[in-house]
Amino acid sequence: MSISANWSYPTSIRFGAGRISEIADACAVAGITKPLLVTDRGLATMEIATRTLDLMEAAGLGRAIFSDVDQNPNEKNAAAGVKAYIEGGHDGVIAFGGGSGLDLGKLVAFMAGQTRPLWDFEDIGDWWTRADADAIAPIVAVPTTAGTGSEVGRASVITNSETQQKKIIFHPKFLPSVVISDPELTVGMPGFITAGTGLDAFAHCVEAFCSPHYHPMSQGMALEGMRLVKEYLPRAYADGTDIEARGHMMSAAIMGATAFQKGLGAIHALSHPVGAIYHTHHGTTNAVFMPAVLQFNKPEISGVISQAAAYLDISGGFDGFCDYVDGLNSSLGIPKTLSGIGVSNPDIDKIVAGALSDPSTGGNPVKMTMENTTKLLLECV
């Protein structure tokens, strides 16, 4: 991919193939001299991680790594990461990976200097002001998937392993100082991860675009993010070495995550408790729920979705858009029901309760109730 650019979000984004070579300079800009690279277990031994550690070591930054990170990271992972950070005498974090590595890495940088317990910083009201902002360590984020957009997010999604609930921990300083968005790092992603993460970005864009809240800048980013997914996710899925497609998908991920400050909705509200209870892949779970949620919200979104369809060159308005989503899911191997991702005989009451307490419900165009959310979930079982 020939595109190489520096953006400001306000975080500094270094976008382009091969830019992982700038990891040492990114740490210098962030003020990090002894970083802890935080990633998940699967990535820890892969070439992209070992190459990054080599670059760190060659620059005199050491090669410390913490990888005890679950697919849906929890407070136990966070405690272990903070322990490794403090015992290693680190002064910053390189959050490396997909959503799990990025979220846990940001959380380690946040929690290492705090004296209050983790759940005191849940995204409720002004709870974020409880944190000692001066004790939050700097973060360099390096995404290796194109979906969550956590690299430009001011929060981490963490599972409470005791209650089996996903919680959002928020602080403005979760936003990394520098992001290295290098599509070459995503080349090794298997097809099902390419599909699931790409559809996570698409879900962010769709839900942000449909949210009833007012944010015209997010609206524009959501619309263009959908276009990038439509144009380039099938290419990235068909040929994992297509650097141009991989690069545009990384842009779509950033755009989706930026756009969803306008709001999310029932897709994420349902996906969060399912992921917390059954440990499913987040983006794939979103994709399973998307067709039913579109129909659920039809009375309120048929107009805006018809506008999106026109921009995306999809004929048939709302119905044409829904047909497109069905076809996209099918072409990417996404199951039609939860049983297809290993969730058989789910605890309906627990999932519905989790969905209704999830912050994403506030952005859904149709008010979610116990009755209509139960019916919606049953359609996806």
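The axes of helix 10 (residues 282-296) and helix 14 (residues 370-380) come within 9 Å and cross at roughly 140°. Axes are lines fitted to C-alpha atoms, for helices over the stretch in contact, and angles between N-to-C directions run from 0 to 180 degrees. The model is predicted; local features need pLDDT of at least 70, side-chain atom pairs count only at pLDDT 80 or more, and totals for chains, interfaces and linings use all residues. Residues are numbered from 1 along each chain as its sequence is written, and side-chain values use heavy atoms, without hydrogens and water.

In helix 10, F289, A292, V293 and F296 meet N372, L376, L377, E379 and C380 of helix 14 (contact: heavy atoms within 4.5 Å). Seven residues of this contact are nonpolar, one is polar and one is charged (Ala, Val, Leu, Ile, Met, Phe, Trp, Tyr, Cys and Pro count as nonpolar, Asp, Glu, Lys and Arg as charged, the others, Gly among them, as polar).

Seven strands form an open sheet of mixed pairing, in the order 1-2-9-6-5-3-4. Helices (H or I, at least four residues) and strands (E, at least two) are DSSP runs, numbered from the N terminus; strands pair if DSSP finds at least two bridges between them. Strand 1 (4-8) and strand 4 (65-66) stand at the edges with a single partner strand each, so one side of each lacks a neighbour in the sheet. Strand 3 (residues 35-38) pairs with strand 4 in the parallel sense over two bridges. L37 stands opposite I65 in strand 4.
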